[in-house]
Amino acid sequence: MEFGRRDILISAASMVVGSSALARATPDRPLGYAIVGLGGYGLKVIIPQFANCTHSRLAAVVSGDPAKARRVAAEHGLPERSIYSYDTFDTIRDNPDVDIVYVCLPNSMHAEYTVRAARAGKHVLCEKPMAVSVAECETMIAACRAANRKLMIGYRCHFEPFNLEAMRLARAGEAGKIRYVRSEHGFVQRDPSVWRLKRALSGGGSLMDMGVYSLQAARYMTNEEPIAVTARESTDRRDPRFTEVEDIIDWTLEFPSGAIASCQSMYSANQNHILLMGDKGRIELEPATRYDGNHMWLGKDGREREVTPPPGPAKTQFAGQLDHMAQSVRTGREPIVSGKEGLRDMRIVEAIYRSAREGRTIRLDRRT
Ligand code: NDP
């Protein structure tokens, strides 16, 4: 029997995230995280999730806003010595409470803070997109390898029950031979001043932000690596929001089996959708990758039924992700979404941009 790489990922996710036997067998000090960047995601989404974790706890904060950092530290009972600025960040090496640095900064800062964290002897969980170029991703992997530290990317969908169940159904052949995947992700980006619309901080537009979800979905639903990409960008450059980065980008991925994925991201409409079509049926998620409230349907034999996945082993996808990284550090195993996974995506992202720019299909080499 043959297993794809992602089958192993799924079973590893269920084993590692939910392994209460393992948790019992190890001394149970939850590992300490430093959150770098107290913004919409780091502060509002991730920090509250430590309450849902078993193996992880908040141990430090890193921020350019001292008053905010002090307030958050006080709210979570952190000592003064566990508050850092970007200038003092490197001294985190002397803080034994911090095991893992979680980089929740604008995209173009991911590489720098991952490398600095690894050099300070800390493991790294870095938000998506991993960085803004293949070269940066390679530097991050090399830095973590040189420091013998783990590197994981914040691909939370690998811990989200609907997406895990969709992968399981696809692998189990519920839709038959996979012929086609479609995925669109977007939201209305209203404020022209945000860093997401500044190339120097974002590295690109909707593709770097929401397109990564569509790309990931194409890869984890097919369980294959694409061999070619053809892309087209549609941006109204007169719109003040889009002077530096793209709005809409569509791309088609070709897979070795002959399956096709048609993907899109945009900053001018809300969408959140994954559809897989096989020769026996279809698996559809909408919304597909939200923080909660996702829905899924399986269409087969002329009937469509809504699928409710079994509850995940963790309380939430975020807690699953945080605890998986902690368990990876404890056990020495590679995280299921390691730096290599982020690098694979970034190689494809660069090819998507190149295809759109040059107006031709780009063949992807075997490394992707
Ligand atoms: P925000 O703009 O809300 O927060 C970013 C934080 O980074 C700021 O609050 C600030 O924190 C810090 N920062 C440091 N330098 C800068 C700068 N020059 N400009 C702006 N902020 C700066 O962004 P998000 O939290 O939404 O996104 C952060 C990362 O998380 C991104 O890579 C994004 O892709 C990812 N993300 C992932 C999500 C997921 O579901 N996996 C969802 C949302 C975001 P401080 O004031 O403390 O210095």
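The legends below describe close-up views of one predicted model.

**View 1. The largest nonpolar core.**
The largest nonpolar core holds 109 residues. Within this core, Val61, Trp251 and Ile283 are the residues with the most contacts. Helix α9, which runs over residues 206-222, supplies the largest share, 10 residues. The core is built from two domains: at least three of its residues come from domain 1 (5-154), and at least three from domain 2 (157-310 + 346-363). As background, nonpolar side chains tend to be buried together in soluble globular proteins.

**View 2. Polar side chains at oxygen atoms of the ligand.**
In the side chain of Lys68, an N or O atom is 2.7 Å from an oxygen atom of the ligand. For Asn107, the distance from a polar side-chain atom to a ligand oxygen is 2.8 Å. For Tyr213, the corresponding distance is 2.9 Å. The ligand taken alone exposes 880 Å², and the protein buries 79% of that area.

**View 3. Asp209 and its two side-chain partners.**
Asp209 is located in helix α9. Its relative accessible area is 6%, and a residue under 20% is classed as buried, so Asp209 counts as buried. The side chain of Asp209 makes a polar contact with the side chain of Arg196, at 2.8 Å. Another polar contact, at 3.1 Å, links the side chain of Asp209 to the side chain of Tyr267.

Helix α11 covers residues 339-358, which makes 20 residues. From its first C-alpha to its last, helix α11 reaches 28 Å, close to the 28 Å expected at 1.5 Å a residue. Of its 20 residues, 14 are buried, so helix α11 is largely enclosed by the rest of the structure. Just after this helix comes Gly359, with a positive phi of about 65°.

Most peptide bonds are trans. The bond that joins Lys128 and Pro129 is cis, with omega at about -15°. Pro129 sits in the loop between β5 (123-126) and α6 (134-146). Glu286 and Pro287 are also joined by a cis peptide bond, and omega there is about -10°. Pro287 belongs to the loop between β12 (281-285) and β13 (296-300).

Most residues other than glycine have a negative phi. Asn148 is not a glycine, yet its phi is positive, about 55°. This residue, Asn148, lies in the loop between α6 and β6 (151-153). Is Asn148 buried or exposed? Its relative accessibility is 62%, and the cut-off for exposed is over 50%, so Asn148 counts as exposed. Asn223 is a residue other than glycine and has a positive phi near 60°. The loop that holds Asn223 runs between α9 and β8 (228-234).

Terms used: Residues are numbered from 1 along each chain as its sequence is written. This is a predicted model: local features need pLDDT of at least 70, side-chain atom pairs count only at pLDDT 80 or more; totals for chains, interfaces and linings use all residues. Side-chain values use heavy atoms; hydrogens and water are left out. A nonpolar core is a set of buried Ala, Val, Leu, Ile, Met, Phe, Trp, Tyr and Cys residues joined through side-chain atoms within 4.5 Å. Buried means under 20% relative accessible area, exposed over 50%, partly exposed in between (1.4 Å probe, protein chains only). Helices (H or I, at least four residues) and strands (E, at least two) are DSSP runs, numbered from the N terminus. Domain bounds come from an automatic or database domain assignment. A polar contact is a pair of N or O atoms within 3.5 Å; within protein, one must be able to donate a hydrogen and the other to accept it, and residues adjacent in sequence count only if both atoms are side-chain atoms. Accessible areas come from the Shrake-Rupley method with a 1.4 Å probe; for residues, only the protein chains shown count as cover. The expected span of a helix is 1.5 Å times one less than its number of residues.
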